[in-house]
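Dear colleague,

Please find below the structure that I am handing over to you. My findings follow directly after it.

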Amino acid sequence: MTADRSVYRAFQIGLGIFTLTALLGLANATQLFGALDRNTLLTHLHSGTLGWITMGVLGVAIWMFGGSGGALARNVGITGVTTAAYVLAFWSGNFVARAVFGAIELLVIYAWWWWVVGQARREGFGRIDTPKLSVTLGLTTLVIGSTIGVIVQVMFATSNVSDVTGQSIGAHAAAQVGGYLVLVAAGIAEWWLVGPGRPRSLAASVQVGALFVGGLLLAIGIYTNVAPLLGIATLFQVIGIVIILVRFGRRAAGASWTAPTGMRHIAASLLFLVIGLVLEILLVKEAVSAPAGAQGGPPGSAGLNHALDHAMFVALMTNALFGSILLLTANGPRRWPWADHVIFWGLNLGAASFIAVLYFVGSGEGAKPFTHPVSYTAPIMGLSALLGIVTLAMRLGAARRATQLVTATA
Ligand code: HEM
Ligand code: HEM
C-alpha cells in the first residue's frame with residue numbers, strides 16, 4: 001500500500017509533535033518536576049489534539065481523497081510549522097501570541113477544509129462513500145470548534161473575560177471532542193473495516209447525519225446549559241453509534257487481536273468509541289446536575305473529564321492513527337518487529353487502566369510523586385506511545401524511501 005508524499009509527511013510531523021505530548025504526559029503522571037502549570041497543561045492538550053491528531057487526520061484525508069502533488073506536500077509542511085508555533089504560543093502563556101498564532105492556525109484549518117470540500121463536491125456529495133462523508137463533516141465541525149477557540153483567545157487577549165468565556169470554552173471542547181473526533185474516528189474505522197468506494201446506504205447516511213447533528217447540538221447545549229438539548233444531542237450520538245455497531249461492529253469483533261497488523265488498532269479504536277460515548281453521557285449528566293454557574297463541571301469531575309479526554313485522544317484517535325500508519329507501512333521494511341505487540345498491548349492496557357483509575361479513584365492532580373495510581377498506569381500508556389512514535393517514524397521513513405525508489409526506476 002502506498003500514498004502520496006504529503007501523507008507520509010503529515011504522519012511524520014504528527015508523530016514528532018506527539019513526542020512532546022507524551023513527554024509532558026509522563027511528567028504530569030510522575031510529578032517528577034512538580035505540578036504542571038496551566039500553560040504546560042494546555043500545551044500537552046493542544047500538541048496532542050492539533051499537533052498529533054489533526055496532522056494525522058489531514059494525512060488520512062489526503063490519502064482517502066487520493067490527493068497528490070508537490071503543492072500538497074509543501075502545504076503539509078506549512079501546516080506543521082503553523083501548528084508547532086501555536087503549540088509554543090500556548091506554552092509561552094502570552095495571550096496576544098495565542099490569539100495571533102491561533103488565528104493563523106484557524107486560517108490553515110479553513111484552507112484544508114476547503115480543499116476537502118472541493119474534493120467531495122467534485123465526486124458529488126450524494127455519491128461519496130461513508131468514510132469520506134464522515135471526514136468531510138468531521139472537518140466541518142473542526143472549523144466551527146476552532147473558530148470558537150480563536151474567539152476565546154481574543155477574549156483573553158483583550159481582557160474581555162466573563163461567564164461567556166467559560167461557556168465558549170465548554171462549547172469549543174464539546175464540538176471538537178464530541179463532534180469532530182467522533183466523526184473522523186468513525187470514518188477511519190469504516191474505511192479500514194468495510195473498505196472504500198461502497199455505495200452509501202440510507203442507514204449509513206442517517207449514521208453520519210446523526211453524529212454530525214449530535215456533535216453540534218452538544219456544543220450548543222453546553223453553551224446554553226439547556227438540559228433537554230443535551231439529552232437530544234446524546235440521543236443523536238447513541239443512534240449514530242448503534243448504527244455503526246450494527247453495520248460493521250461484527251467486522252471489528254472478528255479482527256485478530258494477536259496478528260501484529262494495524263487492524264487490531266482499528267478494532268480497539270471502535271471499542272473505545274463506545275466507552276467514550278458512555279463517559280460523555282456520564283459527564284453530560286454531571287454537568288446538568290451541577291449548580292448553576294459552576295465552571296468546568298461540578299467539584300470532583302476532573303477525574304471523569306480526564307478519563308473522557310484520554311479515551312478520545314489516546315484510545316480512540318491514537319489507535320485509529322497508529323493503525324492507519326501500520327497499514328500504510330505494512331509492505332515496507334518492518335523495523336523492530338518485536339515492538340508491535342508492546343505498542344498495541346501497552347497503549348491499550350495502559351490507556352484502559354489509566355482511564356479506569358481516573359474514573360474510579362479520581363484525578364491525580366496535586367498528588368505527591370508515586371502516591372496516586374495515575375503514576376503507575378499513565379506511564380505504561382506514555383512509554384508505549386513513545387515506542388510507537390519511534391517505531392512508526394522509522395517505518396514511515398523506510399516505506400517512503402522505498403516508494404520513491406520504485407517511482408524513480410519506473
Ligand atoms: C485552532 C484551533 C484551536 C484553538 C484556537 C483552540 C483554543 C482553545 C482555547 C482558547 C482554550 C481555553 C484555554 C484556557 O482554558 O485558557 C481551549 C481549550 C480546550 N481545547 Fe482547544 N483550540 C483549538 C483546537 C482544539 C482541538 C482540535 C481540540 C480537540 C480535538 C481542542 C480541545 C480543547 C479542550 C478539550 C479544551 C479544554 C476545555 C476545558 O478546559 O474544559 N482544541 N482551546
Ligand atoms: C493526544 C494525546 C493527549 C491529549 C490530547 C491529552 C490531553 C490531556 C488533558 C486535556 C488533560 C487535562 C489537563 C487539565 O488538567 O486541564 C490531560 C491530563 C493528563 N495527561 Fe494527557 N493527553 C494526551 C496524551 C497523554 C499521554 C500519552 C500521557 C502519558 C503519560 C498523558 C498523561 C496525562 C496525565 C497523567 C494527566 C493528568 C491526569 C490526572 O491525574 O487527572 N496524556 N491530558
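In this predicted model, the side chain of Arg38 places an N or O atom 3.1 Å from an oxygen atom of ligand 2, a polar contact being a pair of N or O atoms within 3.5 Å (within protein, one must be able to donate a hydrogen and the other to accept it, and residues adjacent in sequence count only if both atoms are side-chain atoms). Arg38 also has a polar side-chain atom 3.4 Å from an oxygen atom of ligand 1.

Two further side chains approach oxygen atoms of ligand 2: an N or O atom of His306 at 2.6 Å and one of Ser363 at 2.7 Å. Around ligand 2 there are 28 residues, the nearest being His44, His306, His310, Ser363 and Gly364; a residue is counted if one of its heavy atoms lies within 4 Å. Helix 2 contributes the most to this shell, with 8 residues, while helix 1 (5-30), helix 10 (302-328), helix 11 (339-360) and helix 12 (374-409) are among those supplying at least two each. By class, the shell of ligand 2 holds 14 nonpolar, 11 polar and 3 charged residues (nonpolar: Ala, Val, Leu, Ile, Met, Phe, Trp, Tyr, Cys and Pro; charged: Asp, Glu, Lys and Arg; polar: the others, Gly among them).

Ligand 1 is surrounded by 22 residues, of which His46, Tyr86, Gln153, His172 and Gln176 are the closest. A nitrogen atom of ligand 1 lies 2.9 Å from a side-chain N or O atom of His46, and a polar side-chain atom of His172 is 2.8 Å from a nitrogen atom of the ligand. Helix 5 provides the largest share of this shell, 7 residues. The shell of ligand 1 comprises 13 nonpolar, 7 polar and 2 charged residues.

As to the fold, the protein chain has 12 helices and 0 strands (DSSP runs numbered from the N terminus: helices are H or I, at least four residues; strands are E, at least two). Its radius of gyration, over C-alpha atoms, is 20 Å, close to the 22 Å of the globule rule (2.2 Å times the number of residues to the power 0.38) for 410 residues, so the chain is as compact as a globular protein of that length.

Regarding conventions, residues are numbered from 1 along each chain as its sequence is written, and chains are lettered from A and ligands numbered from 1 in the order in which they are written. Local features need pLDDT of at least 70, side-chain atom pairs count only at pLDDT 80 or more, and totals for chains, interfaces and linings use all residues, while side-chain values use heavy atoms, with hydrogens and water left out.

Yours sincerely
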